[in-house]
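Please open the model in your viewer and keep the selection tool at hand. The stops below go from one selection to the next, with a short account of what to look for at each.

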Amino acid sequence: MTQNTPLSPLPPLFPRPAHSFQDAPHRVLSAAQLRARGVSAAQTSAQCLPGGPWQPLLPGVYLLHAGPPSGQERLHGALLYAGRPPASSRRTPPEPTDDGFGEAMVTGPAALALHGFASVPDLEALHRVDVLVPRTRRLRSTRYVEVVRAAALPPPVRLAGVPVAPVERALADAVAGAGDAADVRRLLTEAVRAGHCEPGCVVRELSAAKVLGRPAVAGAVDALLAEGRAAAEGRLYAMVREHGLPEPLWNVELRLPGGPELGGVDAYWPDLAVAVELDTRAPRFGAPEPDRRGGNQGVTHPEDPQWSAYAAKRERLERLGVTVVHLTPLKLREAAEQQATVVRTALMAAGDQKPAAYVMVLPR
C-alpha cells in the first residue's frame, strides 16, 4: 500500500461497523469510551493513520471523522480531555451513561458564548476553550485547551448538553485572561445590561479571582455598578407599573422641616409615608469572600460602613412613622411579582397606622 492510498475505513478485525459510533456526541470519544465500546488502543491507532477515517483531537481524545472539528466537537473534546479520571483509576471502564466530563466544566469566553453573550465570538470562531477543574488535578493546558483550576468548583449549569460555569465565574475567568480595558468594560456592561447577573455577584467573583487591582478591571467596576443601578431602577419602575401599584414620587430626598436631611429614597408615597429603597451597595472587599459554590451569598458583614448607613437611615425614618421597604436588584429581577406584593402589603398596612411625622420631599 503506497503512502497516498487511503486506508480501508474498517480493518478486517475491527469489532463494530462504523454506524455503531453515530451515537457518539458530535463524533468525539475518549480512549476510555472507545475501549468500553470494544475498540482497542491498537485499533484506534490504525483508524488514525494518515488517510484513515479518524484523527486524534487531543491527548486521549479522538475525532471520529476526517476534516476539521466543529466548535461543538472542540468543546466536547476539551471536556473529555479535562474530565478524564486520574491515571490510577483509568483501568475502570466508564459507565454507559457517563459523559466522560468528570468534574470539568466550560468557563471563560466559551462559557459566555454558551450563555448568549453577544460581545464574545461564537464557538466556531473561538481559538481557545477554557475548562475549569479542581485544583488537585495534574493536568496541563494543551493545543486549544486552557486549564483553569479552582479550590472549590461552582455548581455548573447545563447548556447545549455540556456543563458550563455560572455567568459570574465564567465572566471572572474571561476578564482574568483579557488585557484590553475596552474588552473588559464591554463584557461587564453586557453582563448587567442584558440581565445575565447582578453587579455585586460579579464584583465578588472578580475580587475572589484577585483581578480587581488590574488597571483594565479597576476602571470598569464603577461603570459596572452604575449600569447595575440603572438596570435596578428600570426594574423598579416596571414593577410598579406592570403590577398596578399607585405611582410614587421617584428618587427624592426626605427632610424634616427646618431640620436635617433624612436621606434619599428611590420611591415614596407621601400620603401613606411608605418608601422603597434599592440596595445597590458595592460589595465590601475586605470582608470574607463568599463560597464559590454559592454559600454565604448575600450575607452582610456587620462592620460594612455602607450597611451601617442604610440601617441608620432606615431606623431614623421608621422612628418618624415612615415605612421603609428594602428591595434588592436580584429579587426584583427574579421575583418581581413577589416584590410587588411586598410593596402593596406595606401600602395597605400604612393606611391603618397612625399618621407619620410631616417630612419635606425634595428632588434628588
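Which residues are buried in α5? Select the helix and check: Val 167, Glu 168, Arg 169, Ala 170, Leu 171, Ala 172, Asp 173, Ala 174 and Val 175 are buried, so that α5, which spans residues 167–176, is mostly covered, with nine of its ten residues counted as buried. Bear in mind throughout that this is a predicted model.

Of the 364 residues of the protein, 45% count as buried, and among contacts between residues at least 6 apart in sequence, 62% join residues at least 24 apart.

Now select α6 (residues 181–193) together with α8, the latter covering residues 215–242. The two helices pack at an angle of about 20°, with their axes 9 Å apart, and that angle, being under 35 degrees, makes α6 roughly parallel to α8. The crossing in which α6 passes α8 is right-handed. To see the contact itself, show side chains on both helices: on the α6 side the residues are Ala 181, Val 184, Arg 185, Leu 188, Thr 189, Val 192 and Arg 193, and the residues they meet in α8 include Ala 216, Gly 219, Ala 220, Ala 223, Leu 224, Glu 227 and Arg 235.

Stay with α8 and select Tyr 237, which lies in this helix, along with Trp 250 in strand β9 (residues 249–255). Although 13 residues apart, Tyr 237 and Trp 250 are described as linking distant parts of the chain. Tyr 237 is partly exposed, with a relative accessible area of 25%.

For another ring, select Tyr 144 and Arg 74: the arginine lies over the face of Tyr 144, at 4.3 Å from the ring centre.

Finish at His 65, in the loop between β3 (61–63) and α3 (71–83). Is His 65 buried or exposed? His 65 has a relative accessible area of 19%, and because the cut-off for buried is under 20%, His 65 counts as buried. Leaving aside neighbours within four places in sequence, show Arg 27, Pro 53, Trp 54, Gln 55 and Glu 73, with which His 65 is in contact.

Notes:
Residues numbered from 1 in each chain as written. Predicted model: local features only at pLDDT ≥ 70, side-chain atom pairs only at ≥ 80, totals over all residues. Heavy atoms only, no water. Helix = DSSP H or I, 4+ residues; strand = E, 2+ residues; numbered from the N terminus. Buried < 20%, exposed > 50% of the residue type's maximum accessible area, 1.4 Å probe, protein only. Lys NZ or Arg CZ within 6 Å of the ring centre and 35° of its normal. Axes fitted to C-alpha atoms, helices over the stretch in contact; angles between N-to-C directions. Parallel < 35°, antiparallel > 145°, perpendicular 65-115°, else oblique. Left-handed = near helix turned anticlockwise from the far one by under 90°. Contact = heavy atoms within 4.5 Å.
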